[in-house]
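Hello,

Here is the structure I promised to pass on. Please have a look at it, and then read on for what turned up.

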Amino acid sequence: RVHNNANTNTIGGLASGAANLISGNGGNGIELAVGDDQSDPNSPPPFAIAITGNSIVANGGLGIDLGADGVTPNDPDDADDELNNKGQNFPEIEQVVLGDSTTVAYRVDSAPANSTYPLSVDFYVAASQDSREGARYLGTDTYDAAEAQDLTTFVLAVPADVPAGAFLVATATDAEGNTSEFSAGASLPVAAEPEAAAPAGRYALHPTYPNPFRDEATVAFVLRDPEPVTLTLYDALGRRVRVLYEATPAAGQTETVTVEAAGLPSGLYLVRLEGNGFSAARPVVLVR
């Protein structure tokens, strides 16, 4: 439990050996509390308590509780700076998609006037969707002021030993060191089987640009030898949305294909190139 006289501190950290195991508590793992056992119960709440890189698991309550009052809901623009850690909003994970790698689409509803940017968004493995705990640190994305409140993507390295049925949670920490509570969990997808590997140099599928996009994006590919291929757009649930290209391009000729936003809802998509015995995918995010 962290009280209101403990401002500007770090619990854990991403440096080697700095992380803590916080487990087995009957209540919350980490609790930012105001007034308990203090000489001035009306003093300001604690702030700039950075909580990063720890393993927080198997506690009776939340992994991080700002105020000892259960989940603190996100508020529009993150204006509730009178709360513990200035009430920093947690990330909202919208989708997690498995393509050539694991890509997560998320946003943080925190206006630059209410949080000091850039934010550090830490991702963790969680045992359940509603635990609000981060058992294993996976990686950190930098969410800057240009992205503020927008949907963005982060390519995540998920170790092979993460069990099937695990979930992904995240925290946001502003540049002053105010860490949020954990987000709700999003399912980590598991590949049913490996995609067939193409011979070296047989094709190249380039990243979509721009990404994220609002009106249209482009994706380019090239084949070493002429053969029939299909370029298809899939949504995050693996449903085919539309065929973007279906033909036999000339050998060594770069084909550039447009992805139109018209008629599509915001979210994370996969552009998949498929040929005879190979398949490759690139993520693309549509924002409105």
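Counting cavities of 30 Å³ or more gives one. Please bear in mind that this is a predicted model. The space inside the largest cavity is about 30 Å³. Its lining is made up of L66, T72, P73, N74, G87, Q88, N89, F90 and E181. By type, the lining residues are three nonpolar, five polar and one charged.

Next, have a look at D75, which sits in the loop between β6 (64–66) and β7 (92–98). D75 is buried but has no salt bridge. How far away is the nearest side chain of opposite charge? That side chain belongs to R132, and the distance is 12 Å. The side chain of D75 does have a polar atom 3.1 Å from the backbone nitrogen of D80.

Now for the charged pairs. The whole structure contains seven salt bridges, and here are some of them.

Another salt bridge is formed by the side chains of E94 and R107, at 2.2 Å from N to O. Here E94 belongs to strand β7 and R107 to strand β8 (residues 102–107), and the two residues are 13 apart in the chain. E94 counts as partly exposed at 38% relative accessibility, and R107 is partly exposed too, with a relative accessible area of 21%.

Then there is the salt bridge between D150 and R214, whose closest N and O atoms are 3.6 Å apart. Which parts of the chain does this pair tie together? D150 lies in the loop between β10 (136–143) and β11 (152–156), and R214 in the loop between β14 (203–205) and β15 (216–223), so the pair connects parts 64 residues apart in sequence. D150 is partly exposed, its relative accessible area being 28%, and R214 also counts as partly exposed, at 42% relative accessibility.

Best wishes

Note on methods: Residues are numbered from 1 along each chain as its sequence is written. This is a predicted model: local features need pLDDT of at least 70, side-chain atom pairs count only at pLDDT 80 or more; totals for chains, interfaces and linings use all residues. Side-chain values use heavy atoms; hydrogens and water are left out. On a 1 Å grid over the protein atoms alone, a cavity is a set of points where a 1.4 Å probe fits but cannot get out, and a pocket is an open set with protein on both sides within 12 Å along at least five of seven lines; lining residues have an atom within 4 Å of a point. Grid points are joined across faces, edges and corners, and a volume is the space filled by probe spheres set on the points. Ala, Val, Leu, Ile, Met, Phe, Trp, Tyr, Cys and Pro count as nonpolar, Asp, Glu, Lys and Arg as charged, and the others, Gly among them, as polar. Helices (H or I, at least four residues) and strands (E, at least two) are DSSP runs, numbered from the N terminus. Buried means under 20% relative accessible area, exposed over 50%, partly exposed in between (1.4 Å probe, protein chains only). Lys and Arg count as positive and Asp and Glu as negative; His and the chain ends are not counted. A salt bridge is a side-chain nitrogen of Lys or Arg within 4 Å of a carboxyl oxygen of Asp or Glu. A polar contact is a pair of N or O atoms within 3.5 Å; within protein, one must be able to donate a hydrogen and the other to accept it, and residues adjacent in sequence count only if both atoms are side-chain atoms.
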